[in-house]
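Open your viewer and get ready to click along. We will go from one selection to the next, and at each stop you will hear what is there.

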Amino acid sequence: MKKALIKRLLAGILAVVMVMGMVGCASSGESSETSNLSAGKTSEGSTSSGKTYNVVFIAKALSDPFSTWLSTSIEKIAKEKYPNIKVSTIDGQNAVDKQIAAMETAVSQKPDCIILQMVDSVAMVDPVNAAREAGIQTVMVNGAIDDNGANSTVDSNPEEQGKLMAAKAAELLPKNANIVIMDGPAGNWHSNGRRAGVKAALLDVRSDVKVLAEKEANWNKDEGMALMEDWLQTFPKIDAVISMNDNMSLGALEAVKASGKTEGFTAYGVDGLADACLSIDAGELTASVVQDGYAQAEAALKIANDIVTGANTQVQLIDVPAVLITKDNVSEWLQKHKDNGFIK
Amino acid sequence: MKSDEKAAATKISVIETIIKKYGIYLVLLVMIIISAIISPNFFDSKNLLNIARQISVTTIIAFGQTLLIICGMIDLSSGSVVALSGVLGVSVYMATGSLLFAILVGILIGAVTGIISGFFVTKYKMPPFIVTMAMQLVARGAVYLYTGGQPIYQIGDFKKLGQGSIGFMPIPVFFMILVAVCSWVILNRMRLGRYLYAIGGNEDASRASGIHVGSVKILAFVISGVFAGVAGVLLMGRLNAGLPQAGINYEFDAITAAIIGGTSFTGGIGTAAGTLVGAFIMGILNNILNLMNVQSYVQQILKGVIIVAAVAIDISTKTRKSKPVKM
């Protein structure tokens with residue numbers, strides 16, 4: 001009896017292992033480069049100069065689509081343009097303590113340069129300083145830390161993103177429009193910056209527009225959807241949702257579609273990832289603002305290359321401009337996402 | 001005189017019995033009445049269906065948790081299993097075009113994770129807390145690995161599973177009722193249910209009386225996994241995408257619903273109806289706070305307070321008899 005049970009269990013486990021195996025094969029294209037640090041010490045990819053440089057990229061969270069875009073772009077660009085640079089990636093898992101530990105691990109492996117997509121702008125200052133004391137420079141990408149400009153930084157200004165999105169809304173919203181606003185997590189730097197842009201480019205210039213409600217949906221599609229469902233019950237007429245990222249806006253759109261109140265409804269977001277572009281293409285999402293992950297990766301690697309080769313050791317601050325995506329230019333961005341393998 | 005006193009005493013004890021037995025239902029009733037008074041939109045049939053649709057995914061998970069908690073266990077992997085089974089369900093649908101097949105795959109993945117958790121809990125006597133936390137990591141990692149962290153878009157008719165309706169009844173609500181009925185039947189009409197209560201009440205005594213404790217525990221994990229698998233497929237349909245990030249912390253909402261509904265961490269206590277009520281209390285709370293446009297910081301505080309109050313009322317009404325009442 002017991003043996004039979006164990007046999008059955010083993011069969012079950014085998015099935016899972018097989019599933020995981022399939023899973024591994026299916027996604028090998030994207031995640032094979034995300035190996036541990038020791039793998040980064042191999043000497044393949046040397047250039048004529050013969051010297052190989054190790055660069056560690058510490059991502060904010062590889063569960064986050066933008067972070068994944070950044071990390072795949074960095075690996076892809078390194079392979080294509082900087083064959084002398086070998087990139088290995090560590091996942092910061094969206095937690096300050098994990099990212100600090102990742103910095104410590106990276107420093108102990110003595111790479112030539114670190115590229116950091118920070119989780120927290122204050123908490124990461126000390127680890128970055130510690131790396132500098134160990135002789136390793138850090139390039140910040142997609143967000144600066146509070147270091148008074150001591151480290152090279154590649155970023156897109158969130159207020160600029162908010163302004164671009166809000167200006168489009170200010171142009172399209174009807175007179176006396178009723179809108180709702182969805183924010184990222186409380187105190188989030190990107191969310192606050194974008195929200196300031198919304199105030200400057202929409203609320204301050206269109207005093208007729210009324211904000212019916214505003215709440216955090218924590219970047220999440222499911223929370224944005226549930227929130228919008230409740231708001232649709234409360235407010236008879238909502239003309240638009242202004243959301244600090246696309247995910248929440250797309251969730252809100254699902255709720256609006258289900259309620260059948262799509263007539264004249266417009267939705268705005270920020271990020272410009274594949275799902276948002278597909279939605280714009282389908283005529284659902286009205287506009288998004290892309291922070292160009294590929295361009296940010298490109299700039300960060302250029303700085304890293306300057307540092308490791310000694311070509312330029314000055315602090316470089318690069319602002320990658322935000323771009324508004326609407327139905328007019330969405331095909332160009334769809335193509336970029338296809339090239340990156342995010343749309344199959 | 002004496003008979004009058006007696007009659008009065010019986011009357012009081014009848015009221016006491018009603019409160020004792022239906023404490024949490026009364027809490028729900030009071031909440032509904034208050035909600036209806038403060039928000040004119042609340043009783044709109046659309047809003048009621050809206051609440052049912054919003055709670056369906058976590059409620060389905062909550063029934064699995066109820067069975068496990070009654071048996072003295074817990075499943076912390078549900079949220080991750082939701083993501084894994086949901087995303088694989090979406091993939092299978094994209095490959096085959098069959099909704100039925102997608103649901104079956106979701107159920108299968110849930111069952112397999114349940115078998116594995118159950119195996120380690122029974123074979124190695126490991127605490128369910130640890131085993132299912134490990135499963136939470138493994139399942140979440142697997143779904144990220146499979147998708148490369150990217151959502152699956154344009155899932156076509158798959159969204160009907162989450163957004164469609166059978167008549168007036170939203171499909172997720174239909175599944176929630178189905179799972180509720182299954183759970184009720186298991187707990188009240190099947191030997192398995194009696195075993196779950198018995199093991200949760202006293203595991204050694206159950207074993208001594210001839211119950212095959214290991215098999216019952218594994219079966220409980222499988223059922224919980226299957227429910228999570230169904231929930232995953234419904235959630236992805238609702239979100240109209242295969243999101244590997246979906247379902248994080250859903251197990252805690254589910255466990256909270258079960259506990260509010262009177263399921264006890266001491267084991268051996270809990271009902272399917274109670275869990276449904278607990279889930280509705282949570283859902284109505286969310287809904288009414290949003291309808292009232294209460295600021296989110298305040299919402300979190302209010303939710304915490306009301307959860308503690310609901311459980312306190314439930315427990316105090318149940319234990320009144322056994323404790324001396326000081327006047």
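## Stop 1: where the two chains touch

Show both chains: 35 residues of chain B are in contact with 36 residues of chain A. Two residues are in contact if their C-beta atoms, placed from the backbone, lie within 7 Å. Before you click further, note that this is a predicted model, in which local features need pLDDT of at least 70 and side-chain atom pairs count only at pLDDT 80 or more, while totals for chains, interfaces and linings use all residues. Residues are numbered from 1 along each chain as its sequence is written, and chains are lettered from A and ligands numbered from 1 in the order in which they are written.

Now colour the elements of chain B that give two or more residues to the side touching chain A: helix 2, helix 4 (99–123), helix 5 (128–147), helix 10 and helix 12 (272–291). Helices (H or I, at least four residues) and strands (E, at least two) are DSSP runs, numbered from the N terminus. Which helix gives the largest share of this side of chain B? Helix 5 of chain B does, with five residues. By class, the side of chain B that touches chain A divides into 16 nonpolar, 17 polar and two charged residues. Here Ala, Val, Leu, Ile, Met, Phe, Trp, Tyr, Cys and Pro count as nonpolar, Asp, Glu, Lys and Arg as charged, and the others, Gly among them, as polar.

## Stop 2

Select Lys125(B), in the loop between helix 4 and helix 5 of chain B. Is Lys125(B) buried or exposed? Lys125(B) is exposed, because 8 other C-beta atoms lie within 10 Å. A residue is buried if 20 or more other C-beta atoms lie within 10 Å of its own, exposed if 12 or fewer, and partly exposed in between, with C-beta atoms placed from the backbone. Most residues other than glycine have a negative phi. Lys125(B) is not a glycine, yet its phi is positive, at about 55 degrees.

## Stop 3: a helix pair in chain B

Next, select residues 171–189 and 213–239 of chain B, which are helix 7 and helix 10. The two pack at an angle of about 170 degrees, with their axes 11 Å apart. Axes are lines fitted to C-alpha atoms, for helices over the stretch in contact, and angles run from 0 to 180 degrees between N-to-C directions. The angle therefore makes helix 7 of chain B roughly antiparallel to helix 10 of chain B. Angles under 35 degrees count as roughly parallel, over 145 as roughly antiparallel, 65 to 115 as roughly perpendicular and the rest as oblique.

Show the side chains where they meet: Pro172(B), Phe175(B) and Val179(B) from helix 7, and Phe227(B), Val230(B), Leu234(B) and Arg238(B) from helix 10. That contact has six nonpolar, no polar and one charged residues.

Then pick helix 8 (residues 191–201) of chain B, whose buried residues are Tyr195(B), Leu196(B), Ala198(B), Ile199(B) and Gly200(B). Their cover includes helix 2 (45–70), helix 9 (203–208) and helix 10 of chain B.

## Stop 4: the two domains of chain A

Move to chain A, which has eleven helices and twelve strands. Colour domain 1 (33–156 + 292–313) and domain 2 (158–290) of chain A separately; these bounds come from an automatic or database domain assignment. The domain centres, taken over C-alpha atoms, are 33 Å apart. Seven residues of domain 1 of chain A are in contact with six residues of domain 2 of chain A.

## Stop 5

Select Leu62(A), in the loop between strand 1 (53–59) and helix 2 (65–81) of chain A. Leu62(A) counts as buried because it has 23 C-beta neighbours inside 10 Å.

Go on to Lys261(A), in the loop between helix 8 (246–259) and strand 9 (266–271) of chain A. Lys261(A) has 15 C-beta neighbours inside 10 Å, so it counts as partly exposed. Leaving aside its neighbours within four places in sequence, Lys261(A) is in contact with Leu232(A) and Val256(A).

Finish at Asn176(A), in the loop between helix 5 (158–172) and strand 6 (178–183) of chain A. Asn176(A) has a positive phi of about 55 degrees although it is not a glycine. With 10 C-beta neighbours inside 10 Å, Asn176(A) counts as exposed.
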